[in-house]
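Please read them beside the sequence and the coordinates.

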Amino acid sequence: MTIIFTDGSSRGNPGPGGWGAIVLTEDSAHELGGREDETTNNRMEMMAVISALEFAKNENDIILYTDSAYVLNGATRWVKGWEKNNWKTSTKEDVVNRDLWEKIIPLTVHKNIDWQLVKGHSGTEGNERCDVIATSFADNAPVVLYNGSRERYGVDVKINQPNSNKKSKSKSKAYSYVSMVDGVIQTHKTWDECKARVNGVAGARYKKSVSPADEEEIIKEFAN
């Protein structure tokens with residue numbers, strides 16, 4: 001089993017950017033990094049994934065950790081619909097970053113990739129190290145990248161398991177409700193407001209959010 005951590009950064013978004021990745025096999029650890037002069041955070045997150053998967057092209061069983069819901073949802077859900085719709089979103093707009101999505105697709109074919117979303121800046125050392133690499137490259141101050149045995153690698157790559165007592169999202173208190181009718185997205189503070197908009201409308205979509213960040217991710221999901 002190969003383990004991959006990735007992260008991306010952009011100073012200004014758009015602005016100078018960098019990406020970082022860690023590729024761990026049973027015996028080895030490899031750090032990767034790079035930069036672009038003018039880019040976005042999402043593109044750097046994607047470049048980290050592309051570079052790591054290219055490096056691990058001969059590996060078939062992979063766990064990939066990213067703190068980008070955009071990358072995870074795009075790779076596991078949205079990209080199939082985009083391809084089918086000739087790279088148009090549900091609102092008939094061109095898919096952003098199509099060139100990089102088209103690079104990711106062949107790198108995932110015939111591979112067993114377990115995509116895992118980790119919370120950024122939460123103490124996950126693999127993710128934190130990728131952030132250091134990415135931001136250093138973005139600032140044009142590259143760090144020394146490790147390439148050697150896994151036994152001697154100084155980064156703790158264990159993942160803290162979520163608290164089993166934590167409430168599931170379905171039972172969490174709602175921050176808002178997001179709806180989409182005929183391609184128009186709206187947010188609602190109460191379920192009754194959302195229900196009044198979507199009830200009986202063919203093709204309507206709606207979902208509960210539990211935080212401002214969750215609301216933003218749902219809006220991105222519906223927009224794509």
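1. Two strands are taken to pair if DSSP finds at least two bridges between them, and strands (E, at least two residues) and helices (H or I, at least four) are DSSP runs numbered from the N terminus. This is a predicted model, in which local features need pLDDT of at least 70 and side-chain atom pairs count only at pLDDT 80 or more, while totals for chains, interfaces and linings use all residues. Residues are numbered from 1 along each chain as its sequence is written, and side-chain values use heavy atoms, without hydrogens and water.

2. Strand 7 (residues 176-181) and strand 8 run antiparallel and are joined by 5 bridges; Val178 has Thr187 of strand 8 as its bridge partner. Both belong to an open sheet of 3 strands in the order 8-7-9, with antiparallel pairing, whose edge strands are strand 8 (184-188) and strand 9 (205-209).

3. The whole structure holds 9 aromatic pairs (rings of Phe, Tyr and Trp, the last by its six-membered ring, with centres within 6.5 Å; planes under 30 degrees apart are stacked, over 60 edge-to-face, the rest tilted).

4. With buried meaning under 20% relative accessible area, exposed over 50% and partly exposed in between (1.4 Å probe, protein chains only), Phe5 is buried at 1% and Tyr65 is buried at 12%.

5. Tyr146 and Tyr153 form a tilted pair, 5.0 Å centre to centre with 40° between the planes; Tyr146 is partly exposed at 23%, whereas Tyr153 is buried at 10%.
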